Amino acid sequence: MVCCKEKDPAKAAVWHALNYYAFEDASFLAERLFLESKGCETLYLLATCYYRQDRVSEAYDLLKRSHSTIPKCRLLFAQCCLRLNKLYEGEQTLVGTSPDNSLSAIENNITTEFQELSGICLKVLATIYRRCHRLEHAVFFYRSSLKRNPYLWSSYANLCTAGEKDNPDEYFKATNCPSFVNATLSPSALSEITNDMNVVTTDKIYSSYTPKANFVGQALAHSTPITAATTTNPNNQNSISNAPCTPEGIRDPLSQHYVEIETDVVTTPAGGGGGSLLNGGTVTDIQTHHRSVTLRKQGDPFSSSKVRRSSRLMSNGRNTKSKENDRKAGNKSQRTGPGLISDGFKKSTKDKTCLSKRSPTMIINSIMSLFAHFGHAYQALCQYECKKALQLFSKLPKNHYTSSWVLLQCARAFYEMTEYTQAARLYQSVHQNESSRCSNLAYYSTCLWYTQREIELSALAQEMLEANKHSPETWCAVGNCFSLQKEHETAIKFFERSVLVDPQFAYGYTLLGHEYSYIDELDDAMNCYRHAVRIDPRHYNAWYGIGQIYFRQEKHELALCHFRKAQSINHSNAAIMAHIAVVLNAMKRHKEALKVLTKALEYHPKHPLCKFHKASTLFCLEKCDKALEELDELESITPTESLIYFLKGKIHRRMGNAHLAMMHFSWAMDLDPQGNNNHIKEAIDKHYHSDDVGSENT
């Protein structure tokens, strides 16, 4: 609540109406007060009423006419400028006209002028700089805002999104809490926080805790698909990406039953980065390889008529084997990880008092420790260390682990690992519980697109339209729905609507670029991808899309440059590395391509696309036996892919095995009876033609 102790009864009535959502009544009364007495307080009160009523333009005009210099009016005016995209005015309002324009001088001036509001002011200024694409300034002021107000989670989230690797333990400390929070505590309590912070965060949580086991949900490990009809892809019945599986050491937030599995324990040094929950803590560090989102490919030999953003051979399978430990009957000491609030600050193991009954000192410590935990997990996700992110999220207390926000982050991690079935399952759970929520559901619609679930995708699009027509995610879901039905012109219209609703929505531009690329409108696709990377320089999908366009235009050097830019953002994405190898092969740099593919297979030993291109590269290097070995392994992963048998036929023809070549060409034709891969028939005709020529010469 705001201004609960307002002495003026009329102003108190306005704040009361605002606090309890009677905005029209608050605005009417505030207008009367402002006309009676045009002072700074009544001005701020009326502008606040307009802003909360979403009359941002009126609030902007009112504050601009008044030229008020009091801090809260300047802050509100900057917020209005940000909403109205008047970024220069917003910057000048907060920065002022000081001759010293260095970042530290601006920070000191804002801290002096705005005092307890300085944290929020610095965050607003950082957001303005981010929108102006002045990323160094934005990062500096996001860090400054966190140092003055660690409750500003969005500042840390934006740092992670920008690719920074700041240790969250340095920001989320009780000693950094602003004065308006610490003022409620006694001096002795503040002293206790200052002196015992390290003891509380390390000794009380981790002194007696060693994570010997983690948990995986039986329901996820042996789950049935969402519906029986939706899991079968008629075009790829052996698609590995649809197989339900869970990375080892991660428990399913939707399951009510857990079984223990053993994992390796790694001690992280104090003050470590994203691997430690708190300084000096012991955590389970997942040193495994990661998979990331598969991308649409145009001009790639694996692109079939059924697939837009991916190829069937890009679907990577992962069969995670977990060894279950038998538990003794009656053992009630089951732990699901360090509960940062529920058990991290108990004075004894029998203390089960709820958070609301704890002292203010413990509450602040608990919240800061929880924020630090979230910070480590979210940073890992933004660095595309998806398994590590899932592991850290799984250590949260159950009430947080099963919250919608955490479920959405876990779903995004599964999405980046190309585990679309598991990602869709988590997205579906959130959507069922909160049907009006549209944020982050664009990726849900893409999961349904990948798994060819037309009915579910259509239902999702309709439900999101009913819930919120002003969300860009809604129009992305509708666009994906029409794209799956191959109505690409209609899909383009809806993707365009998504970026009209929110011009800062980079993913909408990327999907729009994919659609333009599919119908060979490469100039329009290039413009969309460039818009996306201008909004978010770390949006690797858009860098990948630009590389694909250059590759189709046979501009191999430019394609290689942009593919490597995408790889620098998501270093473990096997699909990007496979396409780097394709470009290198096109440039006749086969040995370099082989090295890239070998490295990609170290991350994903069974990635089909990488194995296929490795076999192709070995074939180009005249290593036919090794190429056949790779194709034999690939055949066991995706036995219904016609191109595998086509390449085998080419290899056998090169080796002089005419009967084996014809046998594999025939199998390839049987698997592709509609003639989507016309080069198979051409190869067979060429084979027959060469035989005829040979017989004539003899």
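Visitor: Which residues of α24 are buried?

Guide: Buried means under 20% relative accessible area, with a 1.4 Å probe and protein chains only. In α24, that holds for Leu522, Ala525, Met526, Cys528, Tyr529, Ala532, Val533 and Ile535. This is a predicted model: local features need pLDDT of at least 70, side-chain atom pairs count only at pLDDT 80 or more, and totals for chains, interfaces and linings use all residues. Residues are numbered from 1 along each chain as its sequence is written, and side-chain values use heavy atoms, without hydrogens and water.

Visitor: How should I read that spacing?

Guide: An α-helix has 3.6 residues a turn, so residues three or four places apart point the same way.

Visitor: What do the buried residues of α24 pack against?

Guide: They pack against α23 (506-518) and α25 (540-552). Helices are DSSP runs of H or I, at least four residues, numbered from the N terminus.

Visitor: Which residues touch the most other members of the largest nonpolar core?

Guide: A nonpolar core is a set of buried Ala, Val, Leu, Ile, Met, Phe, Trp, Tyr and Cys residues joined through side-chain atoms within 4.5 Å. The largest has 133 residues; Leu125, Trp153, Tyr156, Phe172, Phe393, Tyr415 and Tyr427 touch the most other members. Helix α14 (residues 360-382) gives the most to this core, 11 residues. Another core, of 26 residues, lies apart from it and includes Trp15 and Tyr60.

Visitor: How much of the protein is buried?

Guide: Buried residues make up 54% of the 698.

Key
Buried < 20%, exposed > 50% of the residue type's maximum accessible area, 1.4 Å probe, protein only. Helix = DSSP H or I, 4+ residues; strand = E, 2+ residues; numbered from the N terminus. Contact = heavy atoms within 4.5 Å.
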